[in-house]
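Reader: Hello! I would like to talk through helix packing and aromatic contacts, with the model open beside us. Shall we take it step by step?

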Amino acid sequence: MSTVKPLKKSRPNPHPPFRILSLDGGGIRGAFAAAFLARIEQELSVSITDYFDLVAGTSTGAIIALALGFGESAERIRSLYEKCGPQIFARRTDTRTPALLLPFLALAKLKFPALDGRMLKRSKYASEPLREALTDVFGNKTLESATACRLVIPAVDLVRGKTVTFKTPHQPDFVRDRKYTAVEVALATTAAPTFFPNAAIGKGTAFSDGGLWANNPAIIAYAEALKIREVCLRPGLDRHFAPEDIWMLSIGTGEPQYYARPRPADDGLFWWGPRLFDVASGAQSHGTHFQARYLMGEERYLRVDFKMPTPPWQLDDIKALPEIFHCGQESAIEHFQSLRSTFFGEKKMDYHPF
């Protein structure tokens, strides 16, 4: 069941809104956002990016964001999850548990049956199937050729020990990312620790999942909009808008209906190991949601998400894909009319890269 609070009707505004689409990370659960947007596009009979000035996406949300930025339909990405998900989340066949650890793991599994010894040495999944699926969609396209909308995509630079945000050249001083390919950027932001290996963009680099710090990129997107307002002033190409003209549609990847509470004696590495990434990314998404609502108010900020079953669907729960698609499609039908009156009225002004 999706969760959303309807927007109130806002007072008349002299400027058209600067609309942001924010897409959470969440592995295979990103199929919810893809199905949601595909159903909305079906109702509108036009591309979703006709209405959004800026799209921000983390990890799986970044794949959707990139596709939209290159003019792909949301249905194309929905079908990507359906057709390629089983291959992307197929267990490695080249990983064995180190022999010295086998007795230790045998004892550990008596208390923790779900413990996966193969993940102690290598990531759970190889990156090649994901790279192949992304290449089929994006080819060798670079960020500067994404002209349907502005893009903002967070990741982590492991070599420099810093967060990084990949962006289209939508500000006058943006030069670093424009030649990066969509495939490189997507692999960088989706490299979830223990699930996929870190990704490289050139020699000597290593990037990891943007969900480590911005699983919900709403605040990053809001800050970017404020900067665009300040520095993008080309006559006839950029338009003026005030902070109160910024509107945001934020789409999640599922809310768990329980808190992962350890027993007093089970709060060590064995307990936290398989849960840490999920708990951290979920907490960040939830916290960012409240920050965005606090900054923008309930009139201009809308969050769409759905309640997951107990136990919740994991990032790689490929068996849940039909149910996730169903949640996304039904959520779009349920909320289309309210969204139409707030986000899908007047089309946006065309985006022109610098």
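What follows is a short exchange on helix packing, ring pairs and charges over rings.

Reader: Which residues of H2 and H3 make the contact, and at what angle do the axes cross?

Author: Happy to start there, with the note that this is a predicted model. On the H2 side (residues 60-69) the contact uses Thr60, Ile63, Ile64, Ala67 and Leu68, and on the H3 side (residues 74-88) Ala74, Ile77, Leu80 and Tyr81. The two axes come within 9 Å, and their crossing angle is roughly 145°.

Reader: Is that crossing right-handed or left-handed, and how many nonpolar residues does the contact have?

Author: H2 passes H3 in a right-handed crossing. Sorted by class, the contact has no charged residues and 1 polar one, and its nonpolar residues number 8.

Reader: How many charged residues are in the contact of H5 with H6?

Author: Here Leu130, Arg131, Leu134, Thr135 and Phe138 of H5 meet Ala182, Val183, Ala186 and Leu187 of H6. The axes come within 9 Å and cross at roughly 145°, and the crossing is right-handed. Of the contact residues, 7 are nonpolar and 1 is polar, and the charged count is 1.

Reader: Turning to rings, how many aromatic pairs are there, and why does the pair of Phe52 and Phe343 get its class?

Author: A search of the whole structure gives 14 aromatic pairs. For Phe52 and Phe343 the ring centres are 6.1 Å apart. Planes under 30 degrees apart count as stacked, and these planes lie at 25°, so the pair is stacked.

Reader: How many residues apart are Phe52 and Phe343, and are they buried or exposed?

Author: Phe52 is in the loop between H1 and S3, while Phe343 is in the segment after H11. The pair thus links distant parts of the chain, with a separation of 291 residues. As for accessibility, Phe52 and Phe343 are both buried.

Reader: What is the class of the pair formed by Tyr125 and Phe196?

Author: Tyr125 sits in the loop between H4 and H5, and Phe196 in the loop between H6 and S6, 71 residues apart. Both Tyr125 and Phe196 are buried. Their ring centres are 5.7 Å apart and their planes are at 40°, so the pair is tilted.

Reader: One last thing: which residue lies over the face of Phe354?

Author: There are two cases to look at. Arg78 lies over the face of Phe325, 4.9 Å from the ring centre. Over the face of Phe354, at 3.6 Å from the ring centre, lies Arg234.

Definitions and conventions. Residues numbered from 1 in each chain as written. Predicted model: local features only at pLDDT ≥ 70, side-chain atom pairs only at ≥ 80, totals over all residues. Heavy atoms only, no water. Axes fitted to C-alpha atoms, helices over the stretch in contact; angles between N-to-C directions. Helix = DSSP H or I, 4+ residues; strand = E, 2+ residues; numbered from the N terminus. Left-handed = near helix turned anticlockwise from the far one by under 90°. Contact = heavy atoms within 4.5 Å. Nonpolar A, V, L, I, M, F, W, Y, C, P; charged D, E, K, R; others polar. Phe/Tyr/Trp six-rings, centres within 6.5 Å; stacked < 30°, edge-to-face > 60°. Buried < 20%, exposed > 50% of the residue type's maximum accessible area, 1.4 Å probe, protein only. Lys NZ or Arg CZ within 6 Å of the ring centre and 35° of its normal.
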